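Hi,

Here is the structure I promised to pass on to you. Have a look at it first, and my notes on what turned up follow below.

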Amino acid sequence: MQAHDDLDFLISYTKDLFTTLNENFNQCKVGINVSSVHDSRVSLRRLMALVDVLAYLHPDSKEVLAVDKKALKKLQKRFSATRDLHVSQKYITDNISSKCNTKEYLDFLTGEASKAEKKLANKLNGIKFSSYLKIEDSMIRHASRKPTAVSLPEILYSSLDGAFLITIEKIEKLDSSNLATFHSVRISLKGFRYILEILYLIDK
């Protein structure tokens with residue numbers, strides 16, 4: 001892929017991700033459900049992975065891009081409590097309900113999920129998506145800048161190497177008595193996955 005094609009891809013990919021996020025965001029405002037929450041989080045994770053790639057491409061802008069990523073992460077965390085409850089409901093239904101009576105606990109989780117969904121809806125209704133268009137503009141500006149002496153595939157491989165090494169370090173520090181260490185590995189693997197996804201899209 002030529003340099004100008006790299007830039008065209010980054011610009012198009014950024015716009016597509018924000019369009020998808022906007023659709024998911026609006027869907028959540030209409031009605032929160034398992035799919036809308038999950039899809040919103042995935043869109044945000046993809047955007048954060050792209051910010052990491054842009055930071056590799058333009059190391060002189062790492063601080064600016066870190067602010068963009070922080071804002072995206074803050075929005076993503078708003079969905080966390082609701083998503084955790086949805087995941088718990090599905091796991092228990094799929095893996096435990098056939099072995100023992102889980103009705104009472106599932107009823108409890110359903111009630112907690114309903115509360116979390118209402119709380120999330122209230123938070124989202126107080127947010128204007130237009131405020132995130134500034135982040136889109138920032139990312140497009142960086143995506144439009146030609147990097148010096150490197151190609152996008154080279155940067156992606158470097159990004160993947162970095163994400164892989166961080167993941168390995170976290171795996172080596174896994175502590176069976178500390179669930180937070182397992183969560184940290186999961187997050188690193190997801191970051192690796194979404195950078196790999198960008199490389200796959202370029203090579204298609």
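C100 is partly exposed, because its relative accessible area of 41% lies between the 20% and 50% cut-offs. Please keep in mind that this is a predicted model. C28, by contrast, has 1% relative accessibility, which is under 20%, so C28 counts as buried. As for disulfides, the structure holds zero of them.

Next, have a look at two of the helices. Helix α3 spans residues 62–78, helix α6 spans residues 133–144, and their axes come within 10 Å of each other. Which residues in α3 and α6 meet? On the α3 side they are V64, L65, D68, A71 and L72, and on the α6 side I135, S138 and H142. Sorted by class, this contact of α3 with α6 has five nonpolar residues, two polar ones and one charged one.

One more residue in α3 is worth a visit: R78 also has its place in that helix. With a relative accessible area of 27%, R78 is partly exposed. Beyond its neighbours within four places in sequence, R78 is in contact with L120, K123 and I127. K119 lies 41 residues away from R78 along the chain, yet the C-alpha atoms of the two are separated by 9.6 Å.

Happy exploring, and do write back with any questions!

Best wishes

Conventions: Residues numbered from 1 in each chain as written. Predicted model: local features only at pLDDT ≥ 70, side-chain atom pairs only at ≥ 80, totals over all residues. Heavy atoms only, no water. Disulfide = S-S within 2.5 Å. Buried < 20%, exposed > 50% of the residue type's maximum accessible area, 1.4 Å probe, protein only. Axes fitted to C-alpha atoms, helices over the stretch in contact; angles between N-to-C directions. Helix = DSSP H or I, 4+ residues; strand = E, 2+ residues; numbered from the N terminus. Contact = heavy atoms within 4.5 Å. Nonpolar A, V, L, I, M, F, W, Y, C, P; charged D, E, K, R; others polar.
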